[in-house]
Amino acid sequence: MSLLPDTSPIDDELVRAVVDQVWESLLGAEVLPWYGEGPVAPAVLQAEVTLTGDWNGLVRIGCAQGAAEGIAAAMLMAGADEVLAAEDVHDAVGEVVNVVGGNVKGALLGDTALGLPRILTGPRTGDEVGPATAAAEPVSRCVLDWHGVPVTVEVFTRENEKECRS
Amino acid sequence: MRALVVDDSRAMRRIVARILTDLGYEVAEAGDGQQALEVLASGAKPDLACIDWNMPVMDGLTLVVKVRENPQWRDVTLMMVTTESEHSQIVRALAAGAHEYLIKPFTPDSLRDKLDLLGLLPSAVAS
Amino acid sequence: MSIAPEAFTFVRDLVRRESAIVLDAGKEYLVESRLTPLARHAGEGDVNAYVRSLQVRHDPVRSRQVVEALTTNETSWFRDADPFTALRTEVLPELAKARTNRQLRIWCAACSSGQEPYSVVMSALDTPAVAGWKLDVVATDLNEEVLQRARRGTYSQLEVNRGLPATTLVKHFTREGASWRISPAVSSAVTFRPLNLMRPFPPMGTFDVVFLRNVLIYFDLPTKRDILRRVRRVLSPDGYLFLGAAEMTMGVDDSWQRVPAGRSSVYRIRGEER
């Protein structure tokens with residue numbers, strides 16, 4: 001039974017508010033919107049977390065490898081010359097999406113569970129949920145500027161997902 | 001003073017452990033509830049356990065219940081450190097026996113504040 | 001305007017020395033935004049000039065303000081804890097014995113975004129001796145913007161993490177979108193209004209307790225004296241004054257007597273001055 005109204009309670013304002021808090025405290029960074037021209041290229045690295053229950057969907061952060069490394073370094077307060085292993089970068093970005101997803105979920109009514117984060121890297125084959133699939137329109141999307149590189153934060157509802165998977 | 005940090009994210013364990021180490025704690029880590037129970041059973045009893053909720057194998061809420069069931073671990077202070085932030089989830093955790101609850105994202109200051117509330121700020125650092 | 005590298009380095013070293021908190025590279029924007037109001041208040045042109053003044057001549061008060069401004073991410077609930085415990089366990093019960101009309105009036109004189117007055121009400125709601133009493137908390141601040149924030153009564157996840165016991169959070173707050181909202185039971189007891197401590201106070205009646213915490217540090221000695229004198233006039237003869245943890249009236253105004261209250265201390269008007 002859904003306690004939610006028909007219109008999605010998840011909008012850009014909510015996601016932006018969550019991202020602001022996460023960026024400021026977890027990454028010690030200011031949120032800068034992406035003002036780049038043209039479409040944003042499909043992300044090489046995607047961290048996503050599912051929401052299941054009265055609301056069903058997916059929260060995804062996508063970016064290039066370099067931005068992921070930067071985000072991980074900021075989160076871990078790594079020294080300038082510290083090289084982070086790929087595992088650590090994935091883990092850190094996974095935790096960022098976990099916290100963003102959890103806080104988006106926290107604003108929802110009803111009972112919704114947060115899954116464990118997963119990381120996808122490399123080119124899409126087309127049968128996974130991916131930004132290259134034109135059909136998938138997120139209910140919320142913001143693109144941030146991480147030191148000159150775009151980072152996308154998107155929220156999809158499960159209906160979108162089904163669209164992409166077929 | 002000793003602490004146990006339980007979180008499936010290595011990055012988060014590293015962050016929490018660093019804050020606690022800076023405050024004077026000796027920190028042990030575990031990647032899920034099951035591992036945490038093993039660490040508790042095998043070594044010196046910690047004064048504090050910082051516990052994430054969503055973890056594989058055994059989640060944080062289950063861990064809290066199991067720790068509180070064991071009289072040997074009665075004086076381990078349990079603080080959930082989690083992204084679960086609904087009013088009802090916090091109530092659930094407190095009802096299950098968690099002593100405190102820190103919502104992610106948090107700042108080092110807020111973790112310190114919580115420890116202060118719990119009287120678990122090593123006195124050399126307490127202002 | 002952006003902060004000069006030498007200024008940032010100086011501030012970073014000062015903060016690290018004083019509070020063991022490290023401001024990493026990348027925090028320049030934070031230093032700039034937090035110190036701009038201080039620079040303005042001090043009459044310095046900009047943050048760089050303000051920091052230079054600190055480098056030129058050691059100023060413990062200014063240094064302290066800088067460290068405070070940079071190490072307090074959000075105003076804390078139940079700031080310093082002990083005064084609120086003292087309120088609950090000693091001050092309110094004592095006042096309850098002396099008041100027959102079951103009413104209490106409290107003034108929070110530098111209420112900022114509202115954490116202090118709301119904390120005062122939450123403490124009172126937790127004090128059996130004043131259960132069911134009419135609580136009138138007047139909360140004032142110079143800054144109209146923060147008053148608007150305070151009136152709204154909603155706080156972010158980060159803000160509710162600061163100093164608020166989890167049990168208190170679930171008791172007095174509800175979720176609202178990404179934020180938390182203070183319950184009507186608490187907010188209805190507080191009235192927010194603008195007030196400049198340096199100017200004559202508008203008529204406000206008499207108070208049983210005044211909170212004047214961590215605000216006198218921004219004023220020079222003659223102004224501190226003047227403010228304390230005028231606060232004394234609006235406090236009940238048997239009332240209580242709370243100052244910040246590191247503040248005292250000694251050397252400023254000797255018509256106050258410092259009295260222990262729990263693990264904290266509180267000020268009362270000396271017998272002769274009542």
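## Chain A

In chain A, 70% of the contacts with a separation of 6 or more are accounted for by residues 24 or more positions apart, two residues being in contact if their C-beta atoms, placed from the backbone, lie within 7 Å. The model is predicted, so local features need pLDDT of at least 70 and side-chain atom pairs count only at pLDDT 80 or more, while totals for chains, interfaces and linings use all residues. Residues are numbered from 1 along each chain as its sequence is written, and chains are lettered from A and ligands numbered from 1 in the order in which they are written.

Four helices and six strands make up the elements of chain A (DSSP runs numbered from the N terminus, helices being H or I with at least four residues and strands E with at least two), and from the N terminus on they run α-β-β-α-α-β-β-β-β-α. Of its 166 residues, 43% count as buried, that is, with 20 or more other C-beta atoms, placed from the backbone, within 10 Å of their own.

## Contact between the chains

The contact takes 19 residues from chain A and 16 residues from chain B. On the side of chain A, helices H1 (12–26), H2 (65–76) and H3 (86–106) each give two or more residues, and H3(A) gives the most, with 10 residues.

## H2(A) and H1(B)

The axes of H2(A) and helix H1 (residues 10–22) of chain B, lines fitted to C-alpha atoms over the stretch in contact, come within 9 Å and cross at roughly 30 degrees. H2(A) is therefore roughly parallel to H1(B), as angles between N-to-C directions, which run from 0 to 180 degrees, count as such under 35 degrees. Ala72(A), Met75(A) and Leu76(A) of H2(A) make this contact with Ala11(B), Arg14(B) and Ile15(B) of H1(B).

How values were computed:
Buried ≥ 20, exposed ≤ 12 C-beta atoms within 10 Å, placed from the backbone. Parallel < 35°, antiparallel > 145°, perpendicular 65-115°, else oblique.
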